[in-house]
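The entries below record what I looked for and where I found it.

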Amino acid sequence: MKRYVTLALAALAACDAPGGLEAPPAPSAERLGRPDIIVRAGSSIQTAVDAVGPGTVIQIEPGTYAEAIHISVPHLALVGQRGRDGAGVVIENPGGQDNGISVNQGSDGVLLSGVNGFLISGVTAQDNGEYGLFPVHSSHGAIERCRASGHNDTGIYVGQSHDVIVRHSVAFGNVNGIEFENSQRVRGVANETYDNVVGILVVVLPGLDVKITSDVLVAGNRVHDNNHPNFAPPGDLASFVPSGSGILIVGADRATVEGNAVSGNQFTGIAVGSTLLLGALAGLPPEAFADIEPNPDHAVIRNNRVTGNGTASPIPFLPAVDLLWDGSGVGDCWGRNRFSTSYPDPLPACAR
C-alpha cells in the first residue's frame, strides 16, 4: 500500500537555533500568503527545499508528487495550494520510504523531531503505517484543521513534547485518534474523533526520556463512536488499549477534561486510571513501570456531556459506564457532568 499525505496549507518550522539559543518563531499564517518560491506541478519539492535558506516560504501547486521530503532548513514553510476542483497537494510514497515529510529525522506521515516553533495546518495524513502526524521532542507548536486516518498506532500524536495544541482537527479509523504521551502543557481543543479504538488518549509510559505527562487540557471536543477493533501490531502496547473508549486519562497528572461531547463509545465515555492497569492488560509486571509515577493525580473532569456510552466492557473486572475511575491517584474529581452511569457511584466531587 502506498503511504501519502495531502497538504493544503502546511507550515513546518525546522530545528532549534544552534548553540542552545532559542529559535525564532515559525512563519506566521499571514506570511504564508506571500511565497518566496513556487513549485510547479511536475517539479520536485525536494529540489526546491534543498535550494533555499532559513525562513523561506515555498508554495506548491496542486498535484501528486511522488517523493519523500526531508527538511533540515530552519523555519521553512511548505504551503500547499488547492485547485478550483478542490484537489490539493498529494505527497505519495515513491517506494521504500518510511515518512512522507520528515523534519530532521522514522514510518509516519509527517514527522517532526526536535522542532521548536511549528505549525501543521490543513494536512491530511492517511494510511501511513504507525503514525499520521508525529511531533516528538518538539515544542511551541500547533496542529490545526488536519485529518488523520488509517494508522495502526495514532493518527495525531504528540510525544515527549511541551506547549503544543491540537485544534479543529479530525481523527478516524486509527487505533488512537489523538494521543498525548509523556508531554507537558499540551491541549486538545475542538477536535472530532470517531471510529478509532480510543478517541483521545492522554498517557504516561515507561522507558522514555521524558518521565511525566502533566498539565493537559482536553476541551470542547466531539468524541463519538470509537468502537473500531484494535488493529495494532500484536504484542505492541497499543494492541492492549480497550476498544470502545472515548477519552482515556492514563497516569497523567493535572489533566483537565471539560466541555466535551462524548457519546456512542461502547466501553466508556471518559475514564481515569493508572498506567499499571494498561500494563496489567498487557501482562507486564509493575516493575516494568518503575521509572514513572503511574497514577493520575489531580484530574478534573467537569462540564462534559457523556451519554449513550458503556454498553459492553472488554475488561472483565471493569464495568461499561459513561464515567469510569479505577480508584488510583489523589485529588481526582468530577463536577457538573451530564451522564447516566458511573463507576464508582458516586465519584469524588470537585470543590465548588
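This is a predicted model: local features need pLDDT of at least 70, side-chain atom pairs count only at pLDDT 80 or more; totals for chains, interfaces and linings use all residues.

Entry one, the background. I kept in mind that most residues other than glycine have a negative phi, and that most peptide bonds are trans.

Entry two, cis peptide bonds. I looked up the bond from Tyr343 to Pro344 and found that it is cis, with omega near -5°. I then placed Pro344 on the chain, and it lies in the segment after β32, a strand that covers 342-343. I went on to the bond from Asp345 to Pro346, which is also cis, with omega near 10°. Pro346, like Pro344, belongs to the segment that comes after β32.

I checked Arg254, a residue other than glycine, and noted a positive phi near 55°. Arg254 sits within strand β24, which runs over residues 253-258. Is Arg254 buried or exposed, or in between? I recorded a relative accessible area of 43% for Arg254, which is therefore partly exposed, since this class lies between the 20% and 50% cut-offs.

Where is Asn303 placed? I located Asn303 in the loop that joins β27 (300-302) to β28 (305-307).

Note on methods. Residues are numbered from 1 along each chain as its sequence is written. Side-chain values use heavy atoms; hydrogens and water are left out. Helices (H or I, at least four residues) and strands (E, at least two) are DSSP runs, numbered from the N terminus. Buried means under 20% relative accessible area, exposed over 50%, partly exposed in between (1.4 Å probe, protein chains only).
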